[in-house]
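Here is a short briefing to read with the structure open beside you. Keep the viewer handy, and we can walk through the contacts and backbone details together.

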Amino acid sequence: MPSPARVNAFDILLKVESGGYASDLLLALSVALDSRDAGLASEIVFGVLRYRAQLDYLIGHYSGRRQKLDPEVRIALRMAIYQLRYLQRIPPHAAVAESVELVQRAHKRSAMGFVNAVLRKVTRDPVTWPTREIELSCPEWLLVRWQSHYGAEAAAAIARAALEEPEKYVRISAVGERRQDIASQSIVPLLRLEPGQSFLDLCAAPGNKTAQALESDVRCIAADLHFHRLVQMKSMLPNLDASLVVLDGTQPLPFARGFDRILVDAPCSGTGTLGRNPEIKWRLQPADLDDLHRRQTALLANARAALGPGGVLVYSTCSLEPEENEAVVAAVLGQPALETLLRLPGRDAGDGFFAAVIK
């Protein structure tokens, strides 16, 4: 049998093909595997997703032809080629033999000889990538967009940053330590929170920004559309001193009094987080941005209506797309926000983020 790390990486990659999210699946897996196997499974899963375009090109390069492959066969080949070319400590015979066994385990016995033959040709010799889409392992339509908005150099830097494992940041406060990206940490200070203020976090889960806001001793209501996400949020942050409310922020809000401070950290495409969520770049479609814009506009409009006199609202996303950022603010305000923040991967540390301060 293949090792537990490779079996679980294979199964997770199949689930991602069907719409799952790698980080969630790996988090659930971490309690079932020892740390070494869990670490290798994570490295393979994220590596395959980050470098998918290069790996698929290499499958054709080494097989000598382009052909339609069953998902199980393609995933086994991607995994093996990633280990053979991109990782240093993996014995080649283990990567090859176990990937052949994974194909057998997936009941694709007829493909075992093909997989073995392709993998025996894999080397670490340099390869000339035929397109920037393959070289940067990023869909061309995203590269074109980023080049239009931020310039060619920045677009390439964003794509290259998405190929790297994100740096880990820890926030230390009076209530303890928790992992939170450095860019995510930059949003809450824009609210200029003061003790005793009423604070609404309209899209609160998973709760890192809520916990950060509570460091300022505000009176907090943390809302989210999904009950299970609030439950997970409470379990991950057991000292969270906030009222948790299930709420659809795209509908008029049920509060009689306005809030001093409101955060709308809106659900978005996540294109600023491709290093930690690489499946997004293969899943997102241009038409998705229109639907996201409509929902984000509703969230911001309803939140603004709940803002009290003299209050401050911060609208933020971890998206790099203007439709989800400046265009949402302009649709609600009728003009650009006077104060904005933009962080780009490859230029700034951490994830990509946009924020607008609205008064």
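Is Arg192 buried, partly exposed or exposed? Arg192 is partly exposed, with a relative accessible area of 42%. Please keep in mind that this is a predicted model, and that every value below was computed from it.

**Salt bridges**

- The model contains 21 salt bridges, and a few of them are worth a visit in your viewer.
- Glu98 pairs with Arg6, and their closest N and O atoms are 3.3 Å apart. This bridge links distant parts of the chain, with Glu98 in helix H6 (residues 92–105) and Arg6 in helix H1 (residues 4–17), 92 residues apart.
- Glu98 counts as buried because its relative accessibility is 15%, under the 20% cut-off. Arg6 counts as buried too, at 6% relative accessibility.
- Another salt bridge joins the side chains of Arg145 and Glu321, with an N to O distance of 2.9 Å. Arg145 belongs to helix H9 (residues 140–150) and Glu321 to the loop between strand S7 (307–317) and helix H15 (326–333), so this pair ties together parts that are 176 residues apart in sequence.
- How buried are these two partners? Arg145 has a relative accessible area of 16% and is buried, while Glu321 is buried with a value of 0%.
- Arg276 and Asp351 also meet through their side chains in a salt bridge, at 3.0 Å from N to O. Here the link runs between two loops: Arg276 is in the one between strand S6 (259–265) and helix H13 (279–283), and Asp351 is in the one between strand S8 (339–343) and strand S9 (353–358), 75 residues apart.
- For this pair, Arg276 is partly exposed, with a relative accessible area of 28%, whereas Asp351 is buried at 9%.
- Shared partners join Glu17, Asp56, Arg74 and Arg78 into one network of salt bridges.

**A nonpolar patch on the surface**

- Which residues form a nonpolar patch on the surface? They are Phe227, Val231 and Val246, and together they have about 290 Å² of accessible area.
- Val246 is part of strand S5 (residues 243–246). With a relative accessible area of 46%, Val246 is partly exposed.

**A helix pair**

- Helix H5 (residues 71–86) and helix H7 (residues 112–119) have axes that come within 11 Å and cross at roughly 20°. That angle makes H5 roughly parallel to H7, because angles under 35 degrees count as roughly parallel.
- Looking at handedness, the crossing of H5 and H7 is right-handed.

**Two pairs to compare in sequence and in space**

- Glu279 and Leu13 are 266 residues apart in sequence, and their C-alpha atoms are 9.8 Å apart in space. Glu279 sits in helix H13 and is buried, with a relative accessible area of 3%.
- Ala161 and Gly60 are 101 residues apart in sequence, with 26 Å in space from C-alpha to C-alpha. Ala161 is in helix H10 (residues 152–161) and is partly exposed, at 27% relative accessible area.

**Backbone details**

- Where in the chain does Pro206 lie? Pro206 is in the loop between strand S3 (198–201) and helix H11 (208–214). The peptide bond from Ala205 to Pro206 is cis, with omega near 10°.
- Ser137 is not a glycine, yet has a positive phi of about 45°. Its place is the loop between helix H8 (132–135) and H9, and Ser137 counts as buried at 0% relative accessibility.
- Arg192, from the opening question, has a phi near 50°, a positive value in a residue other than glycine. Arg192 lies in the loop between strand S2 (176–179) and S3.

Methods. Residues are numbered from 1 along each chain as its sequence is written. This is a predicted model: local features need pLDDT of at least 70, side-chain atom pairs count only at pLDDT 80 or more; totals for chains, interfaces and linings use all residues. Side-chain values use heavy atoms; hydrogens and water are left out. A salt bridge is a side-chain nitrogen of Lys or Arg within 4 Å of a carboxyl oxygen of Asp or Glu. Helices (H or I, at least four residues) and strands (E, at least two) are DSSP runs, numbered from the N terminus. Buried means under 20% relative accessible area, exposed over 50%, partly exposed in between (1.4 Å probe, protein chains only). Patches are made of residues with over 30% relative accessible area and no salt bridge: like charges are joined within 9 Å, nonpolar side chains (Val, Leu, Ile, Met, Phe, Trp, Tyr) within 5 Å. Accessible areas come from the Shrake-Rupley method with a 1.4 Å probe; for residues, only the protein chains shown count as cover. Axes are lines fitted to C-alpha atoms, for helices over the stretch in contact, and angles run from 0 to 180 degrees between N-to-C directions. Angles under 35 degrees count as roughly parallel, over 145 as roughly antiparallel, 65 to 115 as roughly perpendicular and the rest as oblique. A crossing is left-handed if the near helix is turned anticlockwise from the far one by less than a right angle, and right-handed if clockwise.
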